[in-house]
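Look at the sequence and the model first. The report then takes up aromatic rings, salt bridges and a pocket.

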Amino acid sequence: MGSKINRAMEIARDFDADIYLVGHTHELLGFRKIKLVNDGDRMKEKKVIFALTGSFLKTYSLNSHSYGEASLYPPPKTGIVSILIDAERKDLHVIE
């Protein structure tokens, strides 16, 4: 899963955003990071969200054979990430 979230962090080097989402990974992961940014004559903290958006694809099910099962992928955590944005406080949170 590291390489998948690392890709989002690579994108953050070239583009300035508050939230970076990566889809089509069939993985569910989210975390918040603090970045230091230049605010004119001083540095300030900026909260940034990185997340793999999740999936509802089940790898193993009775009476069903998926490509994930054929490839012996581990069972993934299913669901989505939720991102809470508090515009007044300029605060971000991510929930898996």
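This is a predicted model: local features need pLDDT of at least 70, side-chain atom pairs count only at pLDDT 80 or more; totals for chains, interfaces and linings use all residues.

Residues are numbered from 1 along each chain as its sequence is written, and side-chain values use heavy atoms, with hydrogens and water left out.

**Aromatic rings**

The structure holds 3 aromatic pairs (rings of Phe, Tyr and Trp, the last by its six-membered ring, with centres within 6.5 Å; planes under 30 degrees apart are stacked, over 60 edge-to-face, the rest tilted). Tyr20 and Phe50 are stacked, because their ring centres lie 5.2 Å apart and their planes meet at 10 degrees. This pair joins distant parts of the chain, with Tyr20 in strand E1 (residues 19-22) and Phe50 in strand E3 (residues 42-55), 30 residues apart; helices (H or I, at least four residues) and strands (E, at least two) are DSSP runs numbered from the N terminus. Tyr20 is buried at 7% relative accessibility, and Phe50 is buried at 2% (buried is under 20% relative accessible area, exposed over 50%, partly exposed in between, with a 1.4 Å probe and protein chains only). Ring pairs also link Tyr20, Phe31 and Phe50 into a cluster.

Tyr67 and Tyr73 form an edge-to-face pair, with 6.4 Å between centres and 85 degrees between planes. Tyr73 sits in the loop between helix H2 (67-70) and strand E6 (79-80), and is partly exposed at 43% relative accessibility.

**Salt bridges**

There are 10 salt bridges (a side-chain nitrogen of Lys or Arg within 4 Å of a carboxyl oxygen of Asp or Glu). The table gives some of them.

| Pair | N to O distance |
|---|---|
| Glu27 and Lys4 | 3.4 Å |
| Asp18 and Lys46 | 3.3 Å |
| Glu96 and Lys77 | 2.9 Å |

Asp18 lies in the loop between H1 and E1 and Lys46 in strand E3, 28 residues apart. Asp18 is partly exposed at 42% relative accessibility, whereas Lys46 is buried at 16%. Arg32, Lys47, Asp86, Arg89 and Asp91 are linked in a network of salt bridges.

**The largest pocket**

A pocket is an open set of points on a 1 Å grid over the protein atoms alone, where a 1.4 Å probe fits, with protein on both sides within 12 Å along at least five of seven lines; lining residues have an atom within 4 Å of a point. The largest pocket is lined by 13 residues, and Asp18, Glu45, Lys46, Lys47 and Lys90 lie nearest its centre. Strand E3 gives the largest share of this lining, 4 residues.
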